[in-house]
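Have a look at the chain below before reading on.

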Amino acid sequence: MKSEKKKQIFCAIGCMILLIALDLLTKSQARQALAGGPVELIPGVFELRYLENHGAAFGIMQNKRIFFILITLVFLALAVFYFLKLPTDRRYRPMRIITTFVAAGAIGNFIDRMMLSYVRDFLYFKLIDFPIFNVADIYVTCGAIAFFIFTVFYYKDADFEFMKKKKG
């Protein structure tokens with residue numbers, strides 16, 4: 001493996017460790033700090049409210065832990081494959097960053113599911129009654145949006161030729 005690729009892998013792993021640690025720390029703090037009930041930060045708009053989510057986003061598919069574990073493992077395998085296939089060029093740095101954030105979010109929630117059988121959520125936009133979420137969800141959501149934007153508006157079809165099988 002080339003040294004530039006190794007450097008990018010180690011950088012991604014280091015960043016993921018930091019992102020996952022931040023996610024798990026916020027979840028742990030939320031659990032402790034919100035035991036007495038919600039804390040309104042912006043009245044009528046945003047509050048911290050602890051919730052043990054046994055489902056997926058928006059509370060769908062409650063108590064399907066094994067399914068979520070399997071889907072996460074498949075997704076992480078695909079993310080690693082994609083990251084390793086990405087060229088080392090500077091042009092692909094956004095995709096490496098996006099992949100790192102999305103994988104960190106998936107791992108953060110995966111750790112909750114493995115250790116606790118549920119995901120700890122605590123961020124709540126009361127104004128729009130948006131489902132309660134956590135920092136890992138922010139990584140995944142922002143990463144998915146960024147992936148879409150970069151794929152549609154920044155990269156061209158030719159930029160993804162590296163994903164095709166080489167002949168010969």
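1. Among contacts in the protein chain (heavy atoms within 4.5 Å) between residues at least 6 apart in sequence, 68% join residues at least 24 apart. Please keep in mind that this is a predicted model, in which local features need pLDDT of at least 70 and side-chain atom pairs count only at pLDDT 80 or more, while totals for chains, interfaces and linings use all residues. Residues are numbered from 1 along each chain as its sequence is written, and side-chain values use heavy atoms, with hydrogens and water left out.

2. The protein chain has four helices and three strands, which are DSSP runs numbered from the N terminus (helices: H or I, at least four residues; strands: E, at least two). Their order along the sequence is α-β-β-α-α-β-α. The C-alpha trace spans about 65 × 30 × 30 Å along its principal axes. Of the 168 residues in the protein chain, 36% are buried; buried means under 20% relative accessible area and exposed over 50%, with partly exposed in between (1.4 Å probe, protein chains only).

3. Helix 2 covers residues 65-85. Which of its residues are buried? They are F68, I69, T72, L76, A79, Y82 and F83. Seen down the axis of helix 2, these buried residues fall within an arc of 155 degrees, so they line one face of the helix; the arc is that of the directions from the helix axis to the C-beta atoms. Their packing partners are helix 1, helix 3 and helix 4. Turned away from that buried side, I66, L70, V74 and L78 are exposed.

4. Helix 4 (residues 135-154) has 20 residues. Its buried residues are V135, A136, Y139 and G143. Down the axis of helix 4 they fall within an arc of 95 degrees, so they too line one face of the helix. They pack against helix 1 (3-33), helix 3 (93-116) and strand 3 (119-125). On the other side of helix 4, F148 and F153 are exposed.

5. Where does the lining of the second largest pocket draw its largest share from? Helix 1 supplies that share, with six residues. Helix 1 and helix 3 each supply at least two residues of this lining.

Methods
The expected span of a helix is 1.5 Å times one less than its number of residues.
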